[in-house]
Amino acid sequence: MRIKSLHIPTLREPPKDAETVSHQLLVRAGYIRRLAAGIYSFLPLGVRAVEKVKRIVREEMDRAGAQEVVMPAVIPAELWIESGRWPVYGPELLRLKDRKQAEYCVGPTHEEVVVDLARKDIRSYKQLPVNLYQIQTKFRDEIRPRAGLMRGREFVMKDAYSFDASIAGAHASYKLMYDAYCCIFERLGLVFRPVEADTGNIGGSMSHEFQVLADSGEDAIVACDGCDFAANVEKAPLAAQPFAPIGATGPARVIDTPGTKTIESLCKLLGCRPDQTIKAVLYMADDQAAVAFVRGDREVNEIKVKKALACANLHLADAEWFAKTTGMPPGYVGAIGTTNVQVIADFEITAMPSAVCGANAKQQHRVDVVPARDMADVAFADLRMAIAGDPCPRCPGKLRAFRGIEVGHVFYLGQKYSKAMHATFLAEDGKEQHFEMGCYGIGITRILAAAIEQNHDARGIRWPVAIAPYEVAVLPMALEGEQLTVAEELYAALLQVGVAAVIDDRDERPGVKFNDADLIGYPIQIVVGKRAGERVVEVKLRHAGVKLELSVDGLADKLARVMVTCRLGPALTAEALS
C-alpha cells in the first residue's frame, strides 16, 4: 500500500482524555477515533491489526475443533430471565424495548443464546462434544469507561461455549481451550501468564485468566517463584504464617485510646506496628451487619468474604447504619464479645501470639489479645488479599507480584446454565441429562491495547510482527533518481513474495517519515538513502532498535522467510537477517 493513499491521520499531541500509553498511541498513530465515552471507530490501520488478531484466533479455535457461528447481538429478555441473570446482572447490561414494549438487552456475553441453540438442536449424547464460537461486537455499559480500548463499552470479543455429556468430557474441552489460548497468545508475540481466577458474574467452579504482563495493568496477580502456581490476587488461596511476638501476653485488657478510629492513629498512640493490630472491616451482607477481621497491615479480599459469609450481596456498611443496627461504634469494633453481627476473621490472625483490637466501646481498644485463646468463638477463613512474599499454597516457595491486563478468560460452568434453562440431551442410558458446559472469551480489541502497553517506547508503538497492520515500511529519502527506483523495486518484490509492505511515497522530509514510522510501529523499516546506487539499504528492526546495512538483492526473499517464523510469535532478531 502507498502511504500517500492511506488514511493515517497521525497526531503530534495525545488526546487530553488519554490516561494510558496505549490509548495515547492508538489515537496519535491513527488507529482509532473516539465517538463517545468508551466507543471508538477503527480506522484502516486499526482494522488491519484487529483482523490479524481475529485470523490467529480463528485458526487456533478451528484447530481445537471449535465451530464458528454468529448469534444475534440483541437478546430477548426472557432468555436472561430464564437463566436468572436479568435481575442480578446490574447496570452494565444495556436494556431496551422494541415498539411493542418487549424487553431486550444488547449481549455482553451469550451463554443464554447458545444454550437455547443447544437445547433445540442437540438431542443425543452421540452429537457431543460440541464447541461453538463467534467473534462479535459486545456492549457493556461500564460506569467509568477508561484507557481507550482497555475498558471500553463497545468492544470485539471471541466467545466460545462447549457442551459435553460428562464432567470428564467438559474438563477435556476446558483443557483444549486452555491449550488453544496459550497457542494464540504465543503466536501474537505476547508475554503472558495463565492465572487462577474468580468466576464473577459468569459463574461456574473453575476459571483461568490469561494476563498480559505489563506495569500498567489494572489486575494484580501473584506467581510462585518455585512452581507454576499463578493466580489473580482475588483468587489466590493463602495460609497462615509464623508471626513474631510483640511482648508479654497476659490477660487481655481494655485501655483508653481517644481519637484512634484508624490503624495509623492507633499505632501512633500505642507505638506499635500495623501488623500487630487486628483491623475490622464493616459490611452489609444481604441486609445484615457483618464484620471481617484481618491483620492491620492487610487488605480484605471481598470476594473471599462474600464466599465465606455465603451471601448474595456484599457492600461496605454505612457507619451510621452499622452503629444503629449493632450498637457498636465504627472505628472501635473488636473481635471479642461482638454481638448482633456476623463475625468472620482471617486465619492469619491465629498465628498472632498477641494483638491489639477494638473493644466495642468508643475511644477504647483491647491490648494483649491472644487470638487463639480469646477468639475461640470466631469463625476463621481465608479472607485476605495475596501480596508478594506470601507463602505459595502449592509448594514451599514464595509469591511474587505482577501487574497484568486480562485478555482472555476460560470458565468451567458445569450445569449452571443448562439446569436453569432446562437444556438436556438423551444420555447413553436413555435418560435425560443436563449438558456440562464451559465458556471461553478473548478480548480481541483489548489485545491491541495490551500489546502496546507491553511493546512501546518514547517514539511510539513496537508491534509484534503477528499483530502489526503492515510488516515492512519502505522509506525512500528522495522521490527521484536511484533512491526512488530502488525503493519501488524493493516494494514490488516484497508484495510479490507475500510480505505486507507499505512505501512512504509522500513528499515529506526524512524526519517526518521516520517519526511516523516509529509512531505507527512497523516492525521493519527499510531506509533507501545515499547508498541506493550501491544497492545497499538500511534495515531498522523497530522492536530491537537494531540497524543493519544489507544488499537489496535477495532481501525480499530473506524477509519473506523471516516473516513466516515471526508470524508465529517469535521476536524479530538481527541474527535472523544475517
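**Exercise 1. Which residues do ring pairs link into a cluster?**

Solution. Before starting, note that this is a predicted model, where local features need pLDDT of at least 70, side-chain atom pairs count only at pLDDT 80 or more, and totals for chains, interfaces and linings use all residues. Residues are numbered from 1 along each chain as its sequence is written, and side-chain values use heavy atoms, with hydrogens and water left out.

Step 1: apply the ring criterion. Rings of Phe, Tyr and Trp (its six-membered ring) pair if their centres lie within 6.5 Å; planes under 30 degrees apart are stacked, over 60 edge-to-face, and the rest tilted.

Step 2: collect the members. The cluster consists of Y178, Y181, F185, F192 and F210, linked by ring pairs.

**Exercise 2. Find how many aromatic pairs the whole structure holds, then classify the pair F163 and F435.**

Solution. Step 1: the search of the whole structure gives 11 aromatic pairs.

Step 1: the ring centres of F163 and F435 are 5.4 Å apart and the planes stand at 80°, so this pair is edge-to-face.

Step 2: F163 belongs to strand 8 (residues 154-164), while F435 is in the loop between strand 23 (432-434) and strand 24 (436-443), so the pair ties together parts 272 residues apart in sequence. Strands here are DSSP runs (E, at least two residues), numbered from the N terminus.

Step 3: check burial. F163 and F435 are both buried, meaning under 20% relative accessible area with a 1.4 Å probe, protein chains only.

Step 4: compare with F185 and F192, whose pair is tilted, at 5.7 Å centre to centre and 55° between the planes. F185 and F192 are both buried too.

**Exercise 3. Work out the strand order of the open three-stranded sheet and name its edges.**

Solution. Step 1: the order is 13-19-18, with antiparallel pairing; a pair needs at least two DSSP bridges between the strands.

Step 1: strand 13 (253-256) and strand 18 (355-358) are the edges, each with a single partner strand, so one side of each has no neighbour in the sheet.

Step 2: look at the join of strand 18 to strand 19 (residues 364-369), made by three bridges. One detail to locate: A355 has V369 in strand 19 as its bridge partner.

**Exercise 4. Which ring does the charged end of R48 sit over?**

Solution. Step 1: the test asks for NZ of Lys or CZ of Arg within 6 Å of the ring centre and within 35 degrees of the ring normal.

Step 1: R48 sits over the ring of Y470, 4.0 Å from its centre.

How values were computed. Helices (H or I, at least four residues) and strands (E, at least two) are DSSP runs, numbered from the N terminus. Buried means under 20% relative accessible area, exposed over 50%, partly exposed in between (1.4 Å probe, protein chains only).
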